[in-house]
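I am opening these entries to record what I looked up, item by item.

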Amino acid sequence: MDAMEIDSAGKDEEGKAKPVMVILIGAPGSGKSTFCDLVMRVSTRPWVRICQDTIGNGKAGTKKQCLTGAASALKEGKSVFIDRCNLDREQRADFVKLVGPQVEKHAVALDLPAKLCISRSVKRTEHEGNLQGGKAAAVVNRMLQKKELPKLNEGYDRITVCQDEKDVQGAINTYTSLGPSDKLPPGFFGQKTSDAKVQLGIMKFLKKKDPPGCSDAVMNVSRDNTLSHATKEKDSNQVLESCEEPKMASVGSSISLENAPTLAFPSISTADFHFNLEKASDIIVEKVEEYVNKLGNARLVLVDLSQHSKILSLVRDKAAEKNIDSKKFFTFVGNITKLYSEGGLHCNVIANATNWRLKPGGGGVNAAIFSAAGPILETATKAKAGSLSSGKAIVVPLPSSSPLFSGEGVTHVIHVLGPNMNPQRPNCLDNDYIKGCKILREAYSSLFDGFASIVRTQEESCKDKFDKEFKGEVQLEQGSRSGDQKAKREAVCETDMNKKFKSFVKELGPNVGSSVDGKTGGQSRKAWGSWVQALYDTAMHPERHKNIIEMSDDVVVLNDLYPKAQKHLLVLARVEGLDSLEDVKKEHLTLLKTMHSVGLKWAEKLLCENNSLTFRLGYHSVPSMRQLHLHVISQDFNSNHLKNKKHWNSFNSPFFRDSVDVIDEVSQNGKAILKDENILSMELRCHRCRSAHPNIPRLKAHIGSCQAPFPASLLQNGRLVFSER
Ligand code: AR6
């Protein structure tokens with residue numbers, strides 16, 4: 001696999017698409033082997049079926065044999081079906097981990113009724129694994145107890161869930177038609193049942209040109225997108241499906257926009273304000289089409305609570321008709337206040353369909369957003385305006401103390417007031433749709449203009465950051481290393497080398513951001529510059545370093561070279577390939593706990609020396625130095641090395657992830673929540689009383705004397721370590 005070169009459009013040097021590993025999921029009798037047979041009989045792509053029932057050549061096969069078989073087939077560039085039950089996440093995890101991004105990882109769940117699987121298993125004869133007859137019923141029943149439908153956060157590029165024979169046929173068609181140079185669109189496909197609760201609810205839309213293999217129902221929707229037909233199809237088949245063209249059009253279009261600025265917005269005026277859905281959907285699509293290209297890589301996402309939302313389905317079909325780029329605009333089912341925590345979709349900006357008084361309550365999305373954001377949103381809104389006229393929008397930066405900020409990564413709420421057609425609400429337009437449509441257009445224009453201004457500001461601040469700090473470092477790397485450049489280097493080491501700039505680094509050549517990753521298998525996953533390798537080298541070769549204060553097989557502890565407080569230690573993980581929190585998975589839980597307990601021990605030791613200190617243990621969401629390291633830092637922040645906003649916010653915003661929370665998240669979800677570096681540019685606030693300060697000297701003067709208690713959120717769950725005094 002290492003040798004396989006795949007370009008960013010998902011093709012290798014010969015223009016072939018990446019091999020695909022399809023992990024089949026289903027009880028005995030769900031039809032996994034038949035699925036493979038039917039696809040392999042017709043497909044032009046080279047497939048290998050890895051079946052645990054047959055891999056042992058007459059003896060019982062093992063998972064290990066399946067893993068080895070799959071790895072070697074993939075290495076030969078073949079695509080594989082993993083034909084075993086794989087019913088729970090743990091069973092699937094080893095297969096997901098088996099390969100890197102050179103291979104597309106798909107899950108196809110044959111989630112058919114238990115009754116059907118049992119009756120098939122009982123009836124069958126000559127089953128490869130000899131699971132048939134009377135014993136089959138009990139086995140199937142038992143196995144189904146641990147069924148866990150796959151989730152995208154397990155690491156799949158694409159998931160298809162089939163809940164009836166029609167869905168299965170659709171999926172067979174899809175994979176049968178997947179030629180050697182085709183690529184299927186990523187995402188979650190298939191029926192979404194209420195028990196599959198944490199699935200990503202992405203509902204993309206169809207494009208005019210249907211890819212091979214979309215199920216009949218889906219193809220029909222795209223060919224005849226009248227409301228009645230589309231709705232009928234959706235209702236009868238509950239197809240929550242999307243099909244894009246299977247081949248990525250160009251390198252540019254295949255760039256992942258996962259981290260792009262994203263606005264989630266509800267349909268304005270169509271619920272409480274009773275605006276006609278057909279007309280509203282026309283306007284949404286018209287406005288999205290107008291703005292989507294102006295917004296560069298930024299994304300627009302229309303959100304609604306229900307997968308049966310008529311407005312989502314209308315918009316999806318109309319957007320498909322217009323061939324709007326589905327990476328930049330798509331529909332999403334979910335609560336707009338929980339898109340990240342429940343849906344895994346990070347939207348830094350959300351829109352609120354508000355009322356003219358800009359007040360909480362009133363139901364709908366307005367009540368939900370004001371309630372989720374907490375009273376601070378009302379205060380921040382009031383500071384901007386006292387009322388809003390229809391057709392207008394107002395951008396409100398969300399203070400970092402809002403739970404929507406810390407929990408969901410929302411940095412701005414844009415309130416927007418649409419036209420009202422509900423006689424029970426103020427300023428009803430009495431069915432005057434000429435006026436109504438005009439106002440609704442204006443409302444979307446104001447909303448998207450507001451979002452564009454946020455995107456612009458963020459881009460400018462990123463550019464400034466890059467110009468100021470990164471270019472300085474380029475010069476440094478290219479030559480002179482005199483005295484005060486040490487400080488310069490330190491500043492740059494502390495900077496947020498955000499992903500955007502990491503790709504810059506790659507382009508700038510070997511001196512600057514060369515990927516020094518030979519030790520982890522040669523994959524150039526990260527562009528770590530040489531100066532940010534210091535911790536890695538310390539962890540791997542502690543004997544070469546003098547500043548180590550503790551060392552074991554698992555960790556190395558040292559004093560931070562540029563402490564940002566009176567006491568500031570680092571606990572380094574001594575594991576290859578663990579560059580940062582992003583790499584941490586469930587398998588690292590024990591290590592995380594070890595790091596925490598070592599950090600805690602040191603905090604306690606330091607508290608014995610000075611019991612006025614308070615400590616916090618945590619990680620930076622995106623570190624500037626390679627190698628997973630836990631900060632153990634006293635909360636006085638009394639240090640000359642703490643020089644700028646980024647320094648402060650990296651320890652005092654949600655960007656700093658408490659070790660206890662990371663442990664909880666990894667044990668529950670297999671990964672830690674990471675916050676975007678954009679947070680680092682937020683305003684300077686005291687970490688105790690949350691008062692705002694214009695610059696670092698003023699902030700430092702304040703924190704030197706602030707006696708306020710720490711916020712309740714920090715006092716919970718052992719996030720702060722202090723002695724009883
Ligand atoms: N997440 C996602 N979508 C939602 C949510 C949510 N939490 N809640 C509602 N929606 P509405 P309007 C969808 O009625 O018609 C308020 O009382 C909903 O299904 O909130 O513009 C205000 O105070 C629908 O598709 O907004 C105003 O007085 C969309 O959001 C008035 O209602 C908008 O529904 C505004 O009425």
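This is a predicted model: local features need pLDDT of at least 70, side-chain atom pairs count only at pLDDT 80 or more; totals for chains, interfaces and linings use all residues.

**Entry 1: the ligand shell**

I then asked which of the 24 residues around the ligand come nearest. The list I wrote down is Ser269, Asp304, Ile336, Gly362 and Val365.

An N or O atom in the side chain of Asp304 is 2.7 Å from an oxygen atom of the ligand. For the backbone I noted a polar atom of Thr270 at 3.4 Å from a ligand oxygen, and a polar backbone atom of Gly363 that is likewise 3.4 Å from an oxygen atom of the ligand. On its own the ligand has 700 Å² of accessible area, and the protein covers 92% of it. When I looked for elements that give two or more residues to the shell, I found β9 (299–304) and α13 (364–373); α13 gives the most, with 4 residues.

**Entry 2: the chain as a whole**

I stepped back to the totals for the protein chain, which has 25 helices and 22 strands. Of its 725 residues, 55% count as buried, and its accessible surface comes to about 31000 Å², with 51% of that belonging to carbon and sulfur atoms. I also took the contacts between residues at least 6 apart in sequence, and among these 71% join residues at least 24 apart.

**Entry 3: salt bridges**

How many salt bridges does the structure hold? I recorded 24, and looked at several of them in detail.

I started with Asp83 and Arg49, whose side chains meet in a salt bridge at 2.7 Å, N to O. This pair links distant parts of the chain, since Asp83 is in strand β3 (residues 79–83) and Arg49 in strand β2 (residues 47–51), 34 residues apart. I count Asp83 as buried because its relative accessibility is 4%, and the cut-off for that word is under 20%.

The next pair was Glu76 and Lys78, with the closest N and O atoms of the salt bridge 2.8 Å apart.

I then turned to Arg719 and Asp661, which form a salt bridge with closest N and O atoms 2.8 Å apart. Arg719 is in the loop between α25 (712–715) and β22 (720–722), and Asp661 in helix α23 (residues 659–669), so that the pair, 58 residues apart, links distant parts of the chain. Both partners are buried, Arg719 with a relative accessible area of 16% and Asp661 with one of 12%. Elsewhere, salt bridges that share partners join Lys63, Asp94, Lys97 and Glu587 into one network.

Thr160 is in strand β5 (residues 158–162), and at 7% relative accessibility it counts as buried. Leaving aside neighbours within four places in sequence, I listed the contacts of Thr160 as Ala107, Val108, Ala109, Ala171, Tyr175 and Phe189.

Cys689 lies in the loop between β20 (684–685) and β21 (692–693), and with a relative accessible area of 34% it is partly exposed. Beyond four places in sequence, Cys689 is in contact with His702, Cys706 and Ala708; for Ala708 I also noted a C-alpha to C-alpha distance from Cys689 of 5.6 Å across 19 residues of sequence.

Asn640 is in the loop between β18 (629–634) and α22 (645–652), and is exposed, with a relative accessible area of 69%. Asn640 and Pro563 are 77 residues apart in sequence, and I recorded them as 8.5 Å apart in space, C-alpha to C-alpha.

Conventions
Residues are numbered from 1 along each chain as its sequence is written. Side-chain values use heavy atoms; hydrogens and water are left out. Buried means under 20% relative accessible area, exposed over 50%, partly exposed in between (1.4 Å probe, protein chains only). Contact means heavy atoms within 4.5 Å. Accessible areas come from the Shrake-Rupley method with a 1.4 Å probe; for residues, only the protein chains shown count as cover. A residue is near a molecule or strand if one of its heavy atoms lies within 4 Å of it. A polar contact is a pair of N or O atoms within 3.5 Å; within protein, one must be able to donate a hydrogen and the other to accept it, and residues adjacent in sequence count only if both atoms are side-chain atoms. A salt bridge is a side-chain nitrogen of Lys or Arg within 4 Å of a carboxyl oxygen of Asp or Glu.
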